[in-house]
Amino acid sequence: MESIRDRVAIIGMGCTKFGERWDADGIDLMVEAAYEAYQDAGISPKDIQAAWVGTVGTFSTGQGLAEALKLDYIPITRCENACATATDAFRNACYAVAAGIYDIVLAMGVEKQKDSGASGLVVPRGPSSDVEPPTPPPAQFALAATRYAHHYGIPMDQLKRILAKIAVKNHHNGTLNPKAHFQREVTEEQVLNAPMIAWPLGLYDCCGVSDGAAAAIIVRADWAKNFRDDYVLVKGLGLAVGGKQGLLHDDYDFIHFPENIKAAHIAYQEAGVKNPRKEIDLAIVHDCFTITELILYEDLGFTERGRGPAEVEAGTFTLEGELPVNTDGGLKCFGHPIGASGIRMIYEVYKQLQGKAGPRQIKKTPRLGLTHNLGGRPGSFTGAVAIFGRRD
Amino acid sequence: MPGILACGAYIPRFRLGKETLGWGSPQEKAIANFDEDSVTMAVAAAQDCLRGLDRSQIDALYFATTTPPYLEQQGSALIAEALDLRPSVFAADITNNLRGGTIALRTALDAVQAGSARQALVVAADCRMSAPRGELERSLGDGAAAVLVGRDKGVAEVVASHTLTEHMLDTWRTPQDTFIRSWEDRFIMEEGYQRVVPQVVSEFSQKTGVVPKDIAKVALYAPDARRHQDMARRLGFRPEQVVDPLFGKIGNTGAAFTLMLLVSALETAKPGERILAVGYGDGGDVYLFQATERVGEVKQNRRLVSRYAEAKRILPTYETYTRWREVWVSEAARRPPPPVPSVSALWREKDENIRFYGSRCTACGYIQYPPQRVCTKCQTADQMTPIRLAETYGTVFTYSMDYLAGTIDTPLVVAVVNFEGGGRWLGMMTDRELHEVRIGMPVELTFRKLRTVGGIHNYYWKCMPVRA
């Protein structure tokens with residue numbers, strides 16, 4: 001098996017303002033993201049040879065992207081893989097370029113969610129016997145929080161304070177990001193006193209529901225310098241898909257998610273990362289819930305098992321910390337337009353590696369940045385990890 | 001003579017009682033949870049009855065109720081499936097009659113006597129509703145009873161019986177009515193219950209020569225506590241002969257009532273004792289049973305009336321009860337409406353959903369629910385044997401409590417359950433107290449109604465804290 005390392009590069013990216021975009025439909029969002037990416041790359045729509053669009057419920061085929069961007073009879077593939085949809089669309093686009101089939105392609109992620117009229121996330125489902133418990137995502141991830149506290153013998157009050165610190169951190173980072181949906185600080189007290197959504201997770205333990213889109217222009221690595229000097233190289237792409245093992249195996253523990261570990265292992269190996277804690281300079285991760293972020297600190301090897309809470313207390317993952325996580329505010333502040341989030345994460349790493357992240361630019365000059373995108377529920381995930389680096 | 005081989009009961013966990021805010025009666029009554037109905041309670045009573053018994057001997061099932069979930073659709077067929085009875089079982093619903101329990105008993109005894117069934121299971125359950133605040137509401141209760149009848153000598157033998165059939169509009173309900181209707185109290189008592197019951201009992205006495213002093217216990221139907229006391233006295237029974245009618249505790253459980261009292265009597269009966277059971281509704285039924293030396297077996301592994309009656313919880317408010325019955329309609333969470341379940345999927349998945357079969361891999365032995373084609377452990381394909389998990393106990397591995405799922409009983413407790421002996425399942429928890437839910441909690445499964453959409457009652461299993 002070959003590695004993706006240094007074979008493709010990102011030469012342009014775009015990201016819409018995320019939020020309750022009552023002013024925009026899915027097409028508007030894609031136009032907004034794509035034209036920022038074109039401009040950033042210095043290319044025209046005519047240059048795009050093929051495209052991948054990640055969307056779960058907004059468009060059913062690749063034609064939505066063609067219609068939005070008026071692309072000229074090029075191949076477009078719609079990609080869907082739960083909440084890791086956008087990362088997978090990006091990944092497939094990278095592979096097509098790495099295979100030498102195309103020189104320059106577009107990867108787009110988009111979701112228009114706020115038109116459903118319901119609160120919370122609405123995921124379309126086909127007809128079924130409908131006997132499974134109605135478990136919106138908070139109830140599913142709360143299963144992991146309950147078990148985490150039990151497993152490590154942490155009183156729930158104490159775990160909730162740790163989780164609150166994660167929410168406070170991400171909200172703080174979001175205040176520095178004009179594209180984020182939520183741009184206000186929250187305090188630990190606010191988080192702890194918020195209404196309960198799915199015990200033990202309160203309102204601020206959950207990410208919001210938003211609309212948004214993000215786009216990346218991917219080229220052969222040896223071509224990238226023709227477009228810009230500060231292009232960003234793809235160093236590793238890992239994807240691991242679960243088959244419901246957690247709900248079938250009675251020894252699955254709910255405090256670590258094997259899909260994260262497998263996906264990270266693949267990506268680290270491709271990128272040549274031996275010690276993620278030391279080598280990864282920043283990470284944008286799938287904080288759909290605060291407990292998810294806590295668990296994946298451990299899954300991604302940022303800290304040892306069970307050490308997550310101590311690292312949170314120590315401020316390791318803050319903007320000023322040793323390994324800043326979710327410098328852009330994360331899903332907590334961007335919300336989670338399912339098909340868009342993965343590429344939105346890449347957008348932040350891309351900007352940070354270029355030193356263009358503005359007030360939230362991390363202090364040291366980053367060499368490697370990581371994105372982590374997770375879809376599904378504890379027990380069965382699509383885990384996606386991508387690693388990016390500056391050119392040497 | 002055919003006899004009773006085993007019996008069981010089910011009484012819902014919840015009660016309205018003097019602590020219930022807004023109820024206004026010192027009396028208690030059992031009320032089904034929002035996810036229970038006559039079918040689910042019948043399944044629970046039958047499970048109690050059949051605990052530890054071989055179900056392959058059951059050739060017939062009779063389900064008696066005045067409150068069937070469907071006017072067209074067989075409740076007994078669903079109950080047979082949930083109990084994992086053989087597909088060749090004969091199943092019949094006996095509905096529309098308050099005396100349904102004793103009618104079903106007669107049908108079962110006849111089938112066994114005639115030889116068309118080796119064993120016949122009678123389940124009676126009711127969940128009758130009267131208008132809120134009505135007199136009837138105080139006396140009615142929800143519950144179920146089950147009796148297994150067979151040719152072999154069981155715990156009690158049937159000695160004699162007598163029946164009277166007479167049409168009477170005393171209480172009634174049309175398909176359009178939610179609540180029971182009734183005619184003037186004095187008329188329906190004097191010309192109905194208080195005339196018919198003495199008549200059928202006296203005819204029975206004349207026929208058999210059996211008089212009250214020959215009887216150890218009487219399981220006597222009555223519409224309410226006062227009428228019960230009057231009737232027992234009028235028939236010549238001394239208070240110590242009278243089986244506690246459960247008024248003020250459980251209430252009048254309709255079609256299940258007489259059988260419930262019979263079960264109650266058998267719980268404490270001594271060998272040789274005779275029990276008279278009297279049912280009423282469009283006539284009357286009288287049965288005389290005699291306990292055998294095996295009567296003590298009634299209690300083996302079973303909860304029966306006594307243990308179910310004790311394991312209770314008083315509902316804090318009457319409002320909660322009216323919400324459960326959808327008499328009080330509250331604003332739902334702003335979530336999409338639930339989809340109409342696919343009937344073809346329900347049909348295809350009946351072994352998984354109703355019989356609650358998981359699968360065990362014959363290659364590696366791993367138990368998994370729902371049943372899998374390819375083993376989740378060893379990846380061997382199509383080497384599975386079905387394994388019923390409905391009677392398997394489990395423990396809570398982890399759980400959460402959802403405040404937004406839009407259930408009547410918020411929060412919805414979702415639990416990951418590990419079964420004793422292997423296998424895991426993610427399901428809903430019912431009949432729970434929030435403060436008692438914890439990791440490691442022992443749970444059992446209970447057949448419940450998830451929701452009704454598009455006129456389809458969707459039944460499935462939930463877990464609940466182990467009862468009594």
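Reader: What volume does the second largest pocket have?

Author: Quick ground rules: this is a predicted model, where local features need pLDDT of at least 70, side-chain atom pairs count only at pLDDT 80 or more, and totals for chains, interfaces and linings use all residues. Residues are numbered from 1 along each chain as its sequence is written, chains are lettered from A and ligands numbered from 1 in the order in which they are written, and side-chain values use heavy atoms, without hydrogens and water. A pocket is an open set of points on a 1 Å grid over the protein atoms alone, where a 1.4 Å probe fits, with protein on both sides within 12 Å along at least five of seven lines. Filling the points, joined across faces, edges and corners, with probe spheres gives about 680 Å³.

Reader: Which residues lie nearest the centre of that second largest pocket?

Author: Lining residues have an atom within 4 Å of a point, and there are 31 of them. Nearest the centre of the second largest pocket are E135(B), L136(B), S139(B), P223(B) and D224(B).

Reader: Is Y62(B) buried or exposed?

Author: Buried means under 20% relative accessible area, exposed over 50%, partly exposed in between (1.4 Å probe, protein chains only). Y62(B) has a relative accessible area of 5%, so Y62(B) counts as buried.

Reader: How far apart are the C-alpha atoms of Y62(B) and A104(B)?

Author: Contact means heavy atoms within 4.5 Å, and Y62(B) is in contact with A104(B), among others. Along the chain the two are 42 residues apart, yet their C-alpha atoms are separated by 5.9 Å.

Notes:
Lists of a residue's contacts leave out its neighbours within four places in sequence.
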